[in-house]
Amino acid sequence: MTAPPLLSARGLRLAFGGVKAADGIDLDVMPGEFLAIIGPNGAGKTTFINMTTGYLRPQAGAIEYEGRPILGLAPRAIVRRGIGRSFQLPQLFAEHTVLENAALAIAARVGIWSPLTPLLRPGFRKEAVELLARFGLEGVAEARADALNEGARKLADIAMAVALEPRLLLMDEPTSGVAASEKMGVVETLVRVLREAGVTAVFVEHDMDVVARFADRVAVWSQGRILALGPPGEILADPVVRREVIGIEAAGAAPAHG
Amino acid sequence: MMSRRAEALLALLLVAALVLAAWAAPWLRFVLTVALARGLAVLGILLLLRAGQVSFGHAMFLAAGAYTVAFAAPAVPETLLLLPAAALLSGLSGLLIGLFVVRYRDIFFGMLNLALSMVFYSVLEKFYSITKGTDGIRVPPLTVAGVEPGPEVQGWIMFGLALGLALACAVGVRAYLASPMGQALAGIKTRETRLEFLGVPARRVLLFAYVLSAAMGGASGALIAMTSRHVTPQLAYWTSSGELIFIGILGGAGSALGPFLGALAFELVRVYAAAAVADAWQMILGAVLLAVILFAPGGLVGILSKRRGRA
């Protein structure tokens, strides 16, 4: 890959008491790729996302986005630079409708400081309807956000991040909590929208089927370090990764939830 | 939430009933003017309620507006200047205090407001040489657009000002709450982290609402000072703040009309209950509030909109 990385992390270190959540993380995210992060619970996957989005400050190291340092910026400022994020537990405005949630995200991008024009003005409404349609959420647009099933909540959460038109999107377990029957549908929708929008994505994922099918590269996290990094075919076949991280010795298709 | 038409209809009915009552019983006009003025302060509190924040000290802005009138009236006895000046000054103090208190949420937000209002109360009470302490300050007769009207006309003018301002603010608040800023305000209540990750500074969203609510409190205080022609530190006391919240719950937070319905009900119950059972009127108010909380959590507005919904 010859293009400069979109995101570049060097030597990130962060310990909570004795637990090393990041113990020298070096990672380049290339423009346009889908990078999956796998690893057992407590390996520091979410910590990496939190450090990149300004929610946690590493004790050492540097993060550059589009060649500029972003460490020390507030989450808000990082969002404005073009890094979006979705959450393991969807962060929706529970008492608003899905349409209003989407419109608020659009308003956040365009500018919310207009106290007298309604949120659901024609322009915002149209864009919000289109956004929800891309995610297949048009059927629940008028439902309150807390009335949705988990799959729809996840998609709505990601739709709000996409409304900001990020160039990099960090997703924390986009499929956790989603019923097995919905899971592939949710991911397919998601991947299609992100590819169409040209968004580079980093996602934490426990389902190895999802990883094998949709990731361009896989980074394996273990105890605050990156154990292995490479294409999914290679990484998922690695015996050490299989034993230490995925938790299966013999060849098998069963996804591990750890 | 009420439909737009139902709300407009209710507002129209309310205005008609108020004008009729004020015309039929002149002594009631004073009570209604004060009720409308207080409703204005409660409307400000309603903005903060949208963000899930309860200010237990909002009477300080009401008192700031009232004392602005009391201090400035001898030099500038003009109603149409004093009223905006009071709103402006209260709004500015709201900005100053807001920069500090919007960093806090929930009980801390409420208690900080309470603490600051009690500091203000003490200042008003203790600095006798300036504020006349608990004796309070008499407001001299005021002019309206340069003319000093007789007491009867003055009463009508104050009533009209309160009614006009109440309507204008209710319409304004309604638009504000439907705007992205107002919706973001409601987002503070449910998911403040998401606001930050949308790139929206939640504190600034809350600060805007806080300044607005302080300015409305100031206008409310100015109207009360001009109507009662006497201001005392009692206006800033914590019980006054408590009454404003009481009215807010009584009226219901679901509509911009709630505060005014609540304030009218509050003042009327107070007047009639005090006349009927002089020693126990607070008990009656308490029972009314209890009944509202238990049986009509949407307040008076909630009861009315449900009625209409069923009909």
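At what angle do helix α3 (residues 98–110) of chain A and helix α4 (residues 122–134) of chain A pack? The model is predicted: local features need pLDDT of at least 70, side-chain atom pairs count only at pLDDT 80 or more, and totals for chains, interfaces and linings use all residues. Residues are numbered from 1 along each chain as its sequence is written, with chains lettered from A and ligands numbered from 1 in the order in which they are written.

Select both helices (DSSP runs of H or I, at least four residues, numbered from the N terminus). Their angle is about 115° and their axes are 9 Å apart; axes are lines fitted to C-alpha atoms over the stretch in contact, and angles run from 0 to 180 degrees between N-to-C directions. That makes α3(A) roughly perpendicular to α4(A) (65 to 115 degrees).

Next, show the residues in contact (C-beta atoms, placed from the backbone, within 7 Å). On α3(A) they include Val98(A), Ala102(A) and Ile106(A), and on α4(A) they include Phe124(A), Arg125(A) and Leu131(A).

Now bring in chain B. The contact takes 26 residues from chain A and 20 residues from chain B. On the chain A side, α2 (75–81) and α3 each supply at least two residues, and α3(A) gives the most, with five residues.

Finally, colour chain A by pLDDT (the predictor's confidence in each residue, from 0 to 100). The mean is 87, and 95% of residues reach 70 or more. Select residues 249–258 of chain A: pLDDT stays under 50 there, and the model has 14 contacts beyond four places in sequence for this stretch.

Terms used. Parallel < 35°, antiparallel > 145°, perpendicular 65-115°, else oblique. Contact = placed C-beta atoms within 7 Å.
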